[in-house]
Amino acid sequence: MPAKVRVQTTINGEQTEFLCEPRQSLLECLRDVLGLTGTKEGCNDGNCGACTVMLDDRVVTSCLVLGVEAEGAQITTIEGIAKGNELDPLQRSFLENAALQCGICTPGFIVAAKALLDHEPNPTEDQIRLWLANNLCRCTGYDKIIHAVQQAAAYSREARA
Amino acid sequence: MSTEQYTVVGTRPVRHDGVDKVTGRAQYGADLQMAGLLYGYVLRSPHAHARIKRIDTSKAEKFPGVKAVITAADFPPTPERMVDLGEGDTPLSYARGNVLAGAKALYRGHAIAAVAATSIHVAEEAASLIEVDYEVLPAVLTAPEAMQDGASILHEDLRTKEFGEQTGRVSNVSEHFRHTMGDIAAGFAEAEVIIEREFNTATVHQGYIEPHNATALWNNDGRVLVWCSTQGAFVVRDVTACLLDVPVSHVRVTPMEIGGGFGGKIPVYIEPVAALLSKKTGKPVKIVMSRKDVFEGTGPTPGSYMKVKVGARKDGRITAAQAYLAYEAGAYPGAMVGPGAMCVFAAYDIANVVIDGFDVVVNKPSTAAYRAPGATNAAFATETVLDEIAEKLGIDPLDLRLKNAAKEGTRRADGPKYRRVGCVEVLEAMKNHPHYSAPLGGPNRGRGVAIGFWFNVGLPSSCNISVTADGTVNLVEGSTDIGGTRTSIAMQAAEVLGIPAEAVRPTVVDTDSIGFTAVTGGSRTTFATGWAAYEAAQDVVRQMKERAAKLWETDAASVTLERGVFRSGEKSMTFAELASKIDQTGGPVVGRGAVNPKGAGGSFSGNIVDVEVDPETGKVTILRFTAVQDVGKAIHPSYVEGQMQGGSAQGIGWALNEEYYMSRDGSMMNSSLLDYRMPTALDLPMIDTVIVEVPNPGHPFGVRGVGEANIVPPPGAIANAIYRAAGVRMRRLPMNPPAIMEAIWSQRD
Amino acid sequence: MKWFDYAAPASVGEAVGLLTAHPNARLLAGGTDLLVQLRSGRKETDLVVDIKRIPELNALQYDAKAGLTLGAAVPCYRIYGDATVARHYPALAEVAALIGGTQIQGRASIGGNLCNAAPSADSVPLLIALGATCRIAGTKGTREIPVEDFCTAPGRNVLQPGELLVSLQIPAPKPNSGARYLRFIPRNEMDIAVAGAGVEVVLENGTFRSARIALASVAPTPLFVREANQALTGKPVNDSTIAAAADAARSAAKPITDMRGTADYRRHLCAVLTRRALETAIQRARESR
């Protein structure tokens, strides 16, 4: 049997090491090898965004990244969004705004929206919609998700003020 | 009832499972991990119609890492009989056939065999080594095609039932029924304007983001343990037990969190397959469908061919209505044409009606319910015909509908007479909404309206509530939570008990742990399981009153409960205070509720939509969208709004871009989320919602249900708006840019 | 997917060596096409060669004379996030922002878009219109070819065994020039182009000094409408000449009917998109130095 590859990477701030086959995607490695099941599979071809993670400060669909490509990278998953016991403003605002119904797309949306707010603290509705067009939601029609992102931006502005 | 002041009902608490869902901790079916887990992969037919002459699994079995391979031959030998799996009688061979094909492959994507191996990649690779000899047969892909004389026949044992009687005819028509009311000929004779049109709608999929998943362990004690994302754990239990020919008590189903269903996760596909693989390997087996398998191997909703004819007097009163509805069932009978026929004219009070419905098998995946199944197709037809009539008579489209609106006492052609319903209230809310009178300037823009109906169901639900000494309660129920229902159920219990919603801890449990509970579907969960919770809470209140009476040495009949405070004479105690004393007054307090309510109330809904059509490309932009719905009582308004927005978004996708694009030989060409085009955040505006509350007299809080009626009007409303924007009447779904361009060109010629 | 090995060379030479030793190897930049194709079985390989560590393939450099050097592995987000690109090549920044969506743009590269050689590739018509050239490295050294000659058939390109695309060279913008790529998709994002038109115009005293037009999704490869340049050069810039150019585009198109559109509809769109793209490009040319 061909040998697995050893990958050393940083996930949610923790140095992590795992073994994987080159054909295993980063999504598979997160979920099946490392037990980080918060990142979801919806389509496995980059079209739904449920598998969104941050890879070196870019949001990417982890189904289209190989596990071996994570070598030396900084990865943030949904499990790394809350600060210990404290929810991120986005997580709070998603709950307050009922921006989730079945919740399967929610981790992907939160990671993607966090990346937006990190570089654009005051986005317009159009900017939010464009940024999140790679994330599909079938339950909400996006309305409350957009409101939740706007409210999280407001929370963060208040916190900084 | 909606004028009552509630403390909890009607508020917007954070949902109980929310923290786990925004942190990624919530466990959906595919997240399950277990020692010794094997991975299953299903081999599917590449042909839309073929006889299966031979399956050779030997090479696959020898592939390193493979632990078992199964086919339909691995079902226990059970004699053919009729089984009732919740949707009327069906032959066992049909039920098994869709899970693992028997003698024939009936659609591309039909499950043929399955492999269990140490990794999904190994299982997939091994499956490609399974050799299948197919004798390819001609395929039929639409209802009209399948209904023709001489059409290729799917089931040699299927005989047409007509008007309730078996005709003995071999055809692809499983059933033809007819509803009649009044005198249709007289009705049309009286009409001063008659519009008759033909419509076609393509197959569309529910499009839930989470693919189907199931893990099964055929345990050493003979019990089959299943974990899956399903809309009905008890359906999975009953169907799996039936197909595997084991007693129902041998199967336990644990519902995991579920990533969307919309009706598509009611049927059972992979649970029995995983169970058989587990039996053969002695290990737990997990199967997760790929997105391609979801499109090609689960149940989309029927494509359809319809004719609708409506006659009206010049004053706008409808005198007659006739519908011909031929719905594609897919490979096995059971198209939702019955509900389509119930809904096609359901919003209107018409004396003379004839509705013909046809359940037709075609070589496509066996269809499943999709949110108000059958109604959206029918409403697309009716609402555009009525729009033409309104235009011809010079009557405002909402006024035309108001003139004929269904009311309390209106009888439908399929039989039922309405109790109190909110059709008029919905129409008035639309008429009075600022959107309806807002100016819509600019070229290529138009506004359209449509309304729709869904009957909502009751069905059985169970619930237990036990009191904790600190004044909180545990609530246990069996309705999988797809959209926040554990909270709307908890809120109803909280209202009865007089405690905050946060003081109720709802849990969705497995089939061993709660009484029978029907599916999360049919807009029934907040209605029926909420009612079960209401009953369980009343039971708790009765017992608590007895405990208070014991403490106060008085009669239980003298104890009242109001806003969470028990009183008798001068004495009073809060729920929490009394809860701390239940140990010393007799022990645990456990309330139970089990209901099978008959008083479900139908929901009317309506849309106002503004569109802009690019006359050079045919592309439609939704400028503004308003959704109105009578929900009876909104227990949690945020989640009610969410249902309305979600159903609207699905209706918009159905109207504009979604379809199974089929090749001539019956392959779905676009079985990916790239080319099966569901709306993204950039394709929709904000969706304004108006919650109308005409209480359902058949429910303690007046709940009707909200999940489904909102997907019914969008295609009709959008078609009517496109007409005003571009001057073309669309009669085919989807109304995609090339179709609209063709219509514009045809009009110019 | 079947098993494959993985290598991440640090130099062009190392990459060429790996490709020569493994004729079945596939190159990996963003992976947004390759992984999908490996999963669906459309492509097969025993070795994935990750080229993202090679410095030349990550270059993004502008020189006022030589123009823009765009490494083949540079992801879209770097392209539209670069102030120099946004200033000198706004149309290119736009194209980088419309491939897929945000997450796809975090990985996908224009070099990969070109090498994938889909007739619908969104970046190629504009590259052709801008007169870009491809720098290719192989066992015999490097060679350069015009972008319009790179794709040979659907999914096929000119790369020989052992060769890889190193970078694209886009000429410095000429004075009084403007460019634009417009595509038609049924949704507003995420879709493959049903048709697309990339144009670059150079103006002089109200006439066309040159006009390059290329189309997506209407031929087996991205289609350079060579005749348009001859037809427009020296002609005045007005509605009638723009319409003639749109017609030329429509006539040159050889579309098929497939699940994304009919041939008739695509031909029609070619004319509409060409006209609209020209209008914007002309506007940009007038506003430029």
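The legends below describe close-up views of a predicted model.

**View 1. A three-stranded sheet in chain B.** Strands β6, β2 and β8 of chain B form an open sheet in the order β6-β2-β8, and the pairing is antiparallel. The edges are taken by β6 (104-105) and β8, each of which has a single partner strand, so one side of each is left without a neighbour in the sheet. Strands β2(B) and β8(B) are joined in the antiparallel sense over six bridges. One residue pair to look for is B:Ala50 with its bridge partner in β8(B), B:Val136. Strands of a sheet pair through backbone hydrogen bonds, either parallel or antiparallel.

View 2. The side chains of B:Lys53 and B:Glu135 form a salt bridge, with 3.3 Å from N to O. B:Lys53 belongs to strand β2 (residues 50-56) and B:Glu135 to strand β8 (residues 131-136) of chain B, so the pair ties together parts that are 82 residues apart in sequence. B:Lys53 counts as exposed because its relative accessibility is 55%. B:Glu135, with a relative accessible area of 32%, is partly exposed.

View 3. In chain B, the side chains of B:Asp56 and B:Arg54 meet in a salt bridge at 3.6 Å, N to O. Both ends of this pair are partly exposed: the relative accessible area is 22% for B:Asp56 and 37% for B:Arg54. In chain C, a salt bridge links C:Glu144 to C:Arg135, and their closest N and O atoms are 3.2 Å apart. C:Arg135 is partly exposed, at 38% relative accessible area. Elsewhere, salt bridges with shared partners join B:Arg15, B:Asp17, B:Lys21, B:Glu257, B:Asp481 and B:Arg486 into one network. Over all chains the count comes to 74 salt bridges.

View 4. Helix α3 of chain B spans residues 92-99 and is mostly covered, with seven of its eight residues buried. The buried residues are B:Leu92, B:Tyr94, B:Ala95, B:Arg96, B:Gly97, B:Asn98 and B:Val99.

**View 5. The interface of chain C and chain A.** Contacts across this interface involve 27 residues of chain C and 30 residues of chain A. The size of an interface is often given as the accessible area lost when the parts come together. Between chain C and chain A the buried area is about 2,400 Å², and carbon and sulfur atoms give 62% of this area.

**View 6. Polar and charged pairs between chain C and chain A.** Two salt bridges are counted between chain C and chain A. One of these joins the side chains of C:Arg107 and A:Glu69, at 2.7 Å from N to O. Across the interface of the two chains, 10 residue pairs are in polar contact. On the side of chain C that touches chain A, the elements giving two or more residues are β1 (5-7), α2 (34-40), β3 (47-50) and α6 (102-105) of chain C. By class, this side of chain C has 12 nonpolar, seven polar and eight charged residues.

Key:
Residues are numbered from 1 along each chain as its sequence is written. Chains are lettered from A and ligands numbered from 1 in the order in which they are written. This is a predicted model: local features need pLDDT of at least 70, side-chain atom pairs count only at pLDDT 80 or more; totals for chains, interfaces and linings use all residues. Side-chain values use heavy atoms; hydrogens and water are left out. A salt bridge is a side-chain nitrogen of Lys or Arg within 4 Å of a carboxyl oxygen of Asp or Glu. Helices (H or I, at least four residues) and strands (E, at least two) are DSSP runs, numbered from the N terminus. Buried means under 20% relative accessible area, exposed over 50%, partly exposed in between (1.4 Å probe, protein chains only). Contact means heavy atoms within 4.5 Å. Buried area is the accessible area (1.4 Å probe) that two parts lose on being put together, summed over both. A polar contact is a pair of N or O atoms within 3.5 Å; within protein, one must be able to donate a hydrogen and the other to accept it, and residues adjacent in sequence count only if both atoms are side-chain atoms. Ala, Val, Leu, Ile, Met, Phe, Trp, Tyr, Cys and Pro count as nonpolar, Asp, Glu, Lys and Arg as charged, and the others, Gly among them, as polar. Two strands pair if DSSP finds at least two bridges between them.
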